[in-house]
Amino acid sequence: MTNLKQSASAPLALDRADARVRHEAGIGGAVRAFLDRVRSGDLGSLPVIVGLVVIWTVFTSLNPVFVSSSNLVNLLFDCSTVGVIALGIVCVLMVGEIDLSVGSISGFASAMVGTLWVNQGWPVALAILAALAFGALIGSLYALLFNRLGMPSFVSTLAGLLAVLGMQLYILGSTGSINLPYGSALVDFGQLMVMPKWVSHTLAAIPGLAMLVSGLRTFARRRAANLSTPSVAGLILRVAAITIGLELIVAYLNQSRGIPWMFGLFVGLVVAMNYALTRTKWGRSMTAVGGNREAARRAGIKVRAIYLSAFALCSFFAALGGVLAAARLASASQQAGTGDVNLNAIAAAVIGGTSLFGGRGSAYSALLGIIVIQSIASGLTLLDLSSSLRYMITGAVLAIAVIVDSLARRSRASHGRA
Amino acid sequence: MSESLERSASVGELVLSLRGISKNFGAVSALTDIDFDVHAGEVVALVGDNGAGKSTLVKILAGVHQPSSGTINFRGQPVTLPDPRAALTLGIATVFQDLALCENLDVVANIFLGNELSPLRLDEVAMEMRAWTLLNELSARIPSVREAVASLSGGQRQTVAIARALLLEPKLILLDEPTAALGVAQTAEVLNLIDRVRARGLGVVMISHNMEDVRAVADRIVVLRLGRNNGVFEPDASNQDLVSAITGASNNAVSRRAERLRAERDHSGSAQAGEQRP
């Protein structure tokens, strides 16, 4: 092991031997490194946090009900449906493609659940499974068109938007809408079920604990491997901040109804997707394909399979979001999934920091982005503004988000960051 | 990991031997009856004009194309290379001229792309350590392996690409125009790197248009012309010989210049006769 010999003679860590690189240390260093990153266009979730602060300040000053615990609980219920769809959008954006038909797929999925469950008398679980399977199938079809025929996803999913909407109208037939029975588990899940207080407080403590455990494990392993180690004090500070912050939020929301289980499901999916995207070979391949398709192919990655997984996952999440939306509204109607659902889902992913150009993004952008979008919707509803204004404002916010993305991309290019 | 510095093959062993390789694309013969040998610990430069068949030959070795006829012997065994995977598993690694790295991923992720350790729970610490070991063996000057490749210079990227190729412990490494897009200092860096790869006992095949680079590192220079072998040269062969082997003409700018120089020298009466200095 020459490696050991080298380390014995040189006290420097393996990755700190190069004198040309400035390594920030301590809390002041962390702040400086953060500012450097932002200046070079690596914004991360900064725009979304700034945006949230602005939006919440404005709406609260206009109507104090906005930040009331009960309104925020409602906000979380509403976030979960489109948020799950946005999570799917993150998947296709990661590989640099787009799915414009997620709204139609969600509408069709809710119509499927309504028809199969209420009209045909299927067990509800089976109806949901059928809807989810259909979603995954549509996504696989897009992937097939993309992989085999080279059809741009922009066009194939635009065609899918119309075709699937047509199927939704067709199976709903002349009645136009199907009411889901109140009191059923599905509707309760979408409208009423909240976590008991002890559950929500326990769940809020888990992220901090997980960070602490994995952080200390990484610390020990890096030290054993003679690599530089991050500061333990910084880790503990972050863990404390996150745990206290989450517990305070949970305590505030528990003053009214509490945290919806549906939101819990959404956050659970976000965390699972984040793990899959950052800590697995599949996620690495997704990022690689989004960054440089040809390089990924030459590295032996099955590029077609990666596209297939991205499109199928996106449509699957769209169908799941549709089922949740049906549960939330207790109905499957011709309006489900139309209007601004599509754009809200895409806007949420982009506002949250996932790039439209592929190769950059995170599952958390769906969570953060949808909170921004729903805050705007909820605030405008509280102000009793018509949907005409709501569309205009949401459109403007989406435009701003894409402008920020484009500018940040240009800045990253000129600062030598991908 | 402890074997990583071990010579992958004893120096001098015949790693690769091609006999009678031909490749036809329809009516066009890209390669005709090519013989080609690479030994362990040897840098073989493959030179030739555009359309001479260099890239076709490298693509056959990388498993991208299949030869129409002829035999490939790898470490004494006859082999076939039906696809790039097969070439990689045998121990033939290729560094492509471009399009080989993902700019949005960091150095570690690029080196391990497609060969990540523990796929369901990426082992970042082990990968980072292995990456540093590889880069240090190449005496590479990479500031940080956690920076995105976009922030690296051309020479550093080439280093990462070569480290990537070495990850799977190949016996033979193919470099397609490794210095084509690089500046003077970066070219020198990459040529040093090739020296170090040779010192590890690997066979190296290098395509280049730059005769100076070729002379600097190659042990043998194989010239292809119109898809055929057109001579094997020592690195100290005269520029004139090389150029006429490559172009197939003895009357060209280089030979005319040499003629002129010789004539001037003779005219000035200096006793220096024979070969011009390279």
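Predicted model: local features only at pLDDT ≥ 70, side-chain atom pairs only at ≥ 80, totals over all residues.
So, β6(B) and strand β7 of chain B, residues 172-176: they pair in the parallel sense over 4 bridges. When I say pair, I mean that DSSP finds at least two bridges between the strands. B:I92 has B:L172 in β7(B) as its bridge partner.

Residues are numbered from 1 along each chain as its sequence is written, and chains are lettered from A and ligands numbered from 1 in the order in which they are written.

Back to the sheet. It's an open one in chain B, 6 strands in the order β6-β7-β8-β3-β9-β10, with mixed pairing. Which strands stand at the edges? Those are β6 (92-95) and β10 of chain B; each has a single partner strand, so one side of each is left without a neighbour in the sheet. On average, neighbouring strands are turned by 20° against each other, direction ignored. Helix α8 of chain B, residues 239-247, packs on this sheet and touches β3, β9 and β10 of chain B, with its direction at about 30° to that of β9(B). Those axes are lines fitted to C-alpha atoms, for helices over the stretch in contact, and angles run from 0 to 180 degrees between N-to-C directions. Contact means that the C-beta atoms of two residues, placed from the backbone, lie within 7 Å.

Now along to β9(B). Strand β3 (residues 43-48) of chain B pairs with β9 (residues 220-225) of chain B in the parallel sense, over 5 bridges, and B:L46 sits opposite B:V222 there. On to β10 (residues 228-233) of chain B: β9(B) joins it antiparallel through 4 bridges. The two make a hairpin with 2 residues between them, and B:L226 in the turn has a positive phi of about 50°.

There's another hairpin in chain B, made by β1(B) and β2(B), again with 2 residues between the strands. In that turn, B:G26 has a positive phi of about 60°. The strands, β1 (residues 14-25) and β2 (residues 28-39) of chain B, run antiparallel and are joined by 8 bridges. β1(B) also pairs antiparallel with β4 (residues 69-74) of chain B, over 5 bridges, where B:L18 is opposite B:I72.

How do the chains meet? 32 residues of chain B are in contact with 34 residues of chain A. Helix α4 (residues 124-137) of chain B gives the most to chain B's side, with 6 residues.

Over to chain A, and helix α7, residues 153-172. Among the buried residues of α7(A) are A:S153, A:G160 and A:L172; buried means 20 or more other C-beta atoms within 10 Å of the residue's own, placed from the backbone. The buried residues pack against α5 (102-119), α6 (124-149) and β1 (177-179) of chain A. After α7(A) comes A:G173, with a positive phi near 65°.

Last, confidence. Chain A averages a pLDDT of 89, on the predictor's per-residue scale from 0 to 100. Residues 1-10 of chain A are below 50.

Conventions
Buried ≥ 20, exposed ≤ 12 C-beta atoms within 10 Å, placed from the backbone.
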